[in-house]
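My notes follow in the order in which I checked them.

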Amino acid sequence: MKYLSTRGKIEPIGFKDAVMMGLATDGGLILPEEIPAIDQKTLAAWRNLSYCDLAFEIISLYADDIPPAVLRELIERSYATFRHPETTPLVQKDGVYILELFHGPTLAFKDVALQLLGNLFEYLLKERGERLNILGATSGDTGSAAIAGVRGKENINIFILHPHLKTSPIQARQMTTVLDANVHNIAVKGTFDDCQGIVKSLFNDLEFKKEYSLGAVNSINWARVLAQVVYYFYAWGRLPQDREVTFAVPTGNFGDIFAGYVAKRMGLPVQKLLLATNENNILSRFVKEGDYSLGTVVQTVSPSMDIQLASNFERYLYFLYDEESGRVRDAFCALEKDGRIVFTDEELARVQEEFSTASVGEQETIDTIAEFYKKTGYLLDPHTAVGVRAAQTQVTDGSAAVCLATAHPAKFGEAVERGIGFPPPLPPELAALESLPTRCEVMDPDQEGVKRFLMEKAGSV
Ligand SMILES: *Cc1c(COP(=O)(O)O)cnc(C)c1O
């Protein structure tokens with residue numbers, strides 16, 4: 001399997017190089033040259049596989065330059081950290097199905113991808129005799145999942161900046177209680193934007209970036225998308241046979257729902273992909289009206305979806321534009337110049353064949369948490385609640401609605417409490433964080449200080 005860039009300016013590369021490249025060197029995103037088609041017989045055989053066996057079948061189609069025994073071991077090690085024997089169990093509540101993606105180490109769905117990516121990085125770095133210093137800024141979820149993915153791994157350091165005292169206490173503790181020598185938390189006395197500004201300018205220091213092999217953790221790595229394709233097939237395999245399915249996906253960066261689109265293109269019988277957003281509804285407007293125009297980000301109770309520029313959207317555009325990379329380049333020029341991409345009626349019709357959408361406001365999200373709890377006794381986190389409300393209002397064609405549960409309710413206890421009147425019970429792993437020792441460097445929002453810190457620590461990979 002060869003990989004190309006959505007912008008069309010890289011030579012075809014194999015899976016291993018695609019993982020190490022992350023963002024394509026021409027500024028595009030990496031995609032396989034061809035999405036493999038799964039026939040009915042294979043699909044039927046996949047129904048009964050365990051999560052790891054299924055993951056192996058799917059991922060090995062794309063990662064054909066890793067020896068099968070190695071790949072299997074990497075997959076098994078990645079999902080052994082999950083607390084549920086099914087990895088991503090499917091439960092049925094009040095007429096909808098909930099696909100629980102939050103049983104990994106940090107109780108959010110990003111673990112599914114980052115546990116695998118951490119192991120892939122370790123394997124590839126060792127093979128190449130290289131080292132990697134991961135640098136990133138986080139307002140919460142991604143940082144802790146990335147740290148959990150690479151803690152204790154050889155030849156990797158990770159440096160995560162978060163705004164001092166401005167993340168939720170649980171999110172901060174999920175990061176700072178990780179004491180492995182290769183994990184470096186930096187609490188910046190400033191805002192998330194200060195953190196991001198520092199990270200950006202260090203990445204722009206090309207000499208420094210090269211000398212210290214800086215790498216990023218964001219949702220643009222192809223391996224992250226690939227890992228997420230698996231649970232769409234897994235969920236389908238747990239449904240009653242021959243039911244049409246609609247997946248309701250709480251969406252921010254379009255990574256999760258793009259994985260669903262890949263599953264559909266591979267031949268998974270999906271009726272519709274239901275794209276659910278909060279008030280940051282650029283993607284909803286795109287699906288409804290063909291209007292992709294940037295607005296300003298508003299803060300909501302589902303903060304991991306407070307995004308305007310969805311980084312993975314480019315991957316879908318490439319397919320919408322019939323795999324013509326010139327048109328992708330033109331579209332992003334237009335976006336930069338005019339702040340919007342315009343679509344024809346014909347393109348919009350094609351979008352609406354694949355996707356439906358709903359944008360769910362804050363009060364509706366809180367109400368959904370409250371109503372769902374009253375009816376079923378089941379607690380939804382605010383991101384999941386956005387997807388569930390979307391399913392309740394949009395899935396009217398009799399297909400089975402599978403709602404992706406992207407975080408454990410206790411991770412966003414404040415929003416849940418607004419719905420049900422009391423804080424959700426903490427699972428033991430989160431409760432235990434309270435009493436664990438922490439390590440964190442508190443620093444001024446000063447790029448040079450962070451740079452010096454990184455140089456000092458990176459020497460000790
Ligand atoms: C990251 C995240 C999302 C959004 O996923 P995308 O792949 O960015 O669309 C939704 N919910 C939670 C809890 C998340 O952490």
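I counted a salt bridge wherever a side-chain nitrogen of Lys or Arg lies within 4 Å of a carboxyl oxygen of Asp or Glu. The model is predicted. By that rule I get 24 salt bridges.

Entry, one pair. I picked out Glu86 and Arg238, whose closest N and O atoms are 3.8 Å apart, and which form a salt bridge. The two residues are 152 apart in the chain, and the pair links distant parts of it. Glu86 sits in the loop between helix 4 (68-79) and strand 3 (90-93). Arg238 sits in the loop between helix 10 (222-237) and strand 9 (245-250).

I then looked up distances to oxygen atoms of the ligand. An N or O atom in the side chain of Lys110 is 2.5 Å from one. Asn253 brings a backbone N or O atom to 2.7 Å from a ligand oxygen. For Asp256 the atom is again a backbone N or O, at 2.9 Å from an oxygen of the ligand. I also noted the cover: the ligand taken alone exposes 390 Å², and the protein buries 97% of that.

Entry, second largest pocket. I noted a volume of about 370 Å³ for this pocket. Its lining has 20 residues, and those closest to the centre are Pro105, Thr106, Ala148, Arg151 and Val178. Helix 5 (110-128), helix 6 (141-150) and helix 19 (428-433) each give at least two residues to the lining. I sorted the lining of this pocket into seven nonpolar, eight polar and five charged residues.

Entry, cavity. How many cavities of 30 Å³ or more does the whole structure hold? My search finds one. The largest cavity has a volume of about 40 Å³. Among the residues that line this cavity I listed Leu114, Leu117, Phe121, Ile134 and Val217. Helix 5 and helix 6 each supply at least two lining residues, and the largest share, four residues, comes from helix 5. The cavity lining has eight nonpolar residues, two polar and no charged ones.

How values were computed. Residues numbered from 1 in each chain as written. Predicted model: local features only at pLDDT ≥ 70, side-chain atom pairs only at ≥ 80, totals over all residues. Heavy atoms only, no water. Polar contact = N/O pair within 3.5 Å; in protein donor to acceptor, adjacent residues only side chain to side chain. Areas by Shrake-Rupley, 256 points an atom, 1.4 Å probe, with all protein chains shown as cover. 1 Å grid on protein atoms, 1.4 Å probe; cavity = no way out; pocket = protein on both sides within 12 Å on 5 of 7 lines; lining within 4 Å. Points joined across faces, edges and corners; volume = space filled by probe spheres on them. Nonpolar A, V, L, I, M, F, W, Y, C, P; charged D, E, K, R; others polar.
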